[in-house]
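This report describes one protein chain, from its overall make-up down to single residues. The sequence and structure come next.

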Amino acid sequence: MTEPTILSVAADALEMIIELRDQEEGDGEFGLLIEVTGFRGAEFQYELSFTPVSDADTDTVVERHGDLALMLRNDDIEKLRGSSLNLTDRGLAMNNPNTPATPAMEAPKGDLTGPLADRVQQVLREQVNPAIAGHGGAAELVSVDEGYAYLRLMGGCQGCGMAAMTLSTGIERILTQAIPELVGVVDVTDHASGTDPYYQQAKK
């Protein structure tokens, strides 16, 4: 007997995701990793990224949807169970019957001064923002805390369905290569209020 899927994907959404996946560079199969990154109000927020299926570990469930491997973290399964990923006239939308049980987390009250913050600001100004300006986007530093840079994406990047991929494969890569002591980058953008969001939480 086939076990029910955790998350369903509409046919048109599946087609678009596969088309985007096939543009990824590198050998091996890429899957779509969906992670619950937090929540805003009574709705979860998500990060979608293409990840090699070979990177899946014991904390990851791989669920097959035709030619697409959907990758879900074990900790997120009950948060996503029964959800559907659909394609609307504004882009990908998650319809999730589940709601958060705990209050939202905010970016820590870190520092905007000091050598590390200054270097992050410089790389954003000289490398990152010129690279994403063509898409009408920009990134600003909110704080630096324990080696992490907390960024807010603006303009065309706010609410964009590919913002997570832009952050992980573009902005974070540029920053961590330029600043080796930087541990990582965290997106604290309120994507739900973007003026033209490509990826949005489906309204119930």
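Leaving aside its neighbours within four places in sequence, which residues is His 65 in contact with?

## His 65

His 65 is in contact with Thr 5, Leu 7, Ser 8, Val 9, Leu 14 and Leu 70, when neighbours within four places in sequence are left aside; contact means heavy atoms within 4.5 Å. His 65 belongs to strand S4. Strands (E, at least two residues) and helices (H or I, at least four) are DSSP runs, numbered from the N terminus.

His 65 counts as buried, at 10% relative accessibility. Buried means under 20% relative accessible area, exposed over 50%, and partly exposed in between, with a 1.4 Å probe and protein chains only. A polar atom of the His 65 side chain lies 3.1 Å from the backbone oxygen of Leu 7.

## Basis of the model

This is a predicted model, in which local features need pLDDT of at least 70 and side-chain atom pairs count only at pLDDT 80 or more, while totals for chains, interfaces and linings use all residues. Residues are numbered from 1 along each chain as its sequence is written, and side-chain values use heavy atoms, with hydrogens and water left out.

## The chain as a whole

The protein chain has four helices and eleven strands. It holds 204 residues, of which 41% count as buried. Of the contacts between residues at least 6 apart in sequence, 61% join residues at least 24 apart.

The accessible surface of the chain is about 11,200 Å², and carbon and sulfur atoms account for 49% of that surface. Accessible areas come from the Shrake-Rupley method with a 1.4 Å probe; for residues, only the protein chains shown count as cover.

## The four-stranded sheet

Four strands form an open sheet in the order S3-S2-S5-S4, with mixed pairing. Two strands pair if DSSP finds at least two bridges between them. At the edges are strand S3 (43-52) and strand S4 (60-65), each of which pairs on one side only. On average, neighbouring strands of this sheet are turned by 30 degrees against each other, direction ignored.

Strand S2 (residues 30-40) pairs with S3 in the antiparallel sense, over ten bridges. Phe 39 has Phe 44 in S3 as its bridge partner. Helix H1 (residues 11-21) lies across S2, S3, S4 and strand S5 (68-73), and runs at about 90 degrees to S5. Axes are lines fitted to C-alpha atoms, for helices over the stretch in contact, and angles run from 0 to 180 degrees between N-to-C directions.

## Ser 143

Ser 143 is part of strand S8 (residues 137-145). Its relative accessible area is 3%, so Ser 143 is buried. The C-alpha atom of Ser 143 is separated by 7.7 Å from that of Ala 117, 26 residues apart along the chain.

Note on methods
A polar contact is a pair of N or O atoms within 3.5 Å; within protein, one must be able to donate a hydrogen and the other to accept it, and residues adjacent in sequence count only if both atoms are side-chain atoms.
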